[in-house]
Amino acid sequence: MGQKVHPLALRLGYTKNWRSLWFAQRREFSDNIKQDFKIRAYIREKFEQAAVSTIVIERLAEQIKVRIHTARPGVIIGRRGADIDRLRAELKDITKKDMDKIVIDIQEIKNPNLDAQLVAQAVAFQLQKRVAFRRAMKRAIEQSRQSGAKGIKIRCAGRLGGAEMARTEKYHEGKVPLQTLRADIDYGFAEAKTTYGLLGIKVWIYKGDVVKDHEEIEAKAAAAAVVQPPAAPPVAPVVEVAVAP
């Protein structure tokens, strides 16, 4: 029997962080989880063409900060920030908070080919355009490897190519150590809504180990430390003694 663990959940506290950064009492916990789910679902549906990868929600006292990682920030920001203000007003109805307490931060993804979620969404978009699934998967692997990925694995499942029976196809290139905690594994999942059914795409990208060398850490610590000279020992006072003749 397969025992599968989510690649991001396995590394929480090691190399990954939570997507929801807040603490709540027991009576507020379920409401906050529902709000986070609705916020993420609304943003992904509204900005489907904006290549949204990750949505981090942070709650500070009465303030809610929504950090959106996207490869196309201009689509979300809009002309002169008009879409940001409109999005803040729409999130007001979901969170039941004032607009001045909702902060939206847009962060651009410099290299989309190294983001597993964006790679999965790109493959799903091609499958919806009736591109051959093998060609779409191999093209995504090639682009990620050219961008610097040390390893990548893609798995597609469903009625691939319009077949009567669903099946799973996967391609793997490079090194993807899923059980190594120090490995920087990025995971993404997307769905392609085709005329012959729903296809699921999973992507794993290995970017290298997130462990710094001990010598490098010690060297930086020594360079940052301020070396102070040792204090001079106290000098005893000179006492003159008069000698009688």
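Mentor: Let's start with pairing: two strands count as paired when DSSP finds at least two bridges between them. The strands (E, at least two residues) and helices (H or I, at least four) are DSSP runs, numbered from the N terminus. This is a predicted model, where local features need pLDDT of at least 70, side-chain atom pairs count only at pLDDT 80 or more, and totals for chains, interfaces and linings use all residues. Residues are numbered from 1 along each chain as its sequence is written, and side-chain values use heavy atoms, with hydrogens and water left out.

Trainee: Okay, which residue in β4 is the bridge partner of arginine 67?

Mentor: Aspartate 105. Seven bridges tie β3 (residues 63-70) to β4, and the two run parallel.

Trainee: What order do the strands of that mixed sheet have?

Mentor: β1-β2-β3-β4, in an open sheet of four strands. β1 (20-21) and β4 (102-108) are at the edges with a single partner strand each, so one side of each has no neighbour in the sheet.

Trainee: Which strands does helix α2 lie across?

Mentor: Contact means heavy atoms within 4.5 Å. Axes are lines fitted to C-alpha atoms (for helices, over the stretch in contact), with angles from 0 to 180 degrees between N-to-C directions. Here α2 (residues 26-46) lies across β1, β2 (52-60) and β3, at about 145° to β2. Helix α4 (residues 82-95) packs on the sheet too, touching β3 and β4, at about 130° to β4.

Trainee: And how are the strands of the β6-β5-β8-β7 sheet paired?

Mentor: Antiparallel, in an open sheet of four strands. Its twist averages 10° from one strand to the next. Eight bridges join β5 (residues 151-158) to β6, and lysine 153 has histidine 172 in β6 as its bridge partner.
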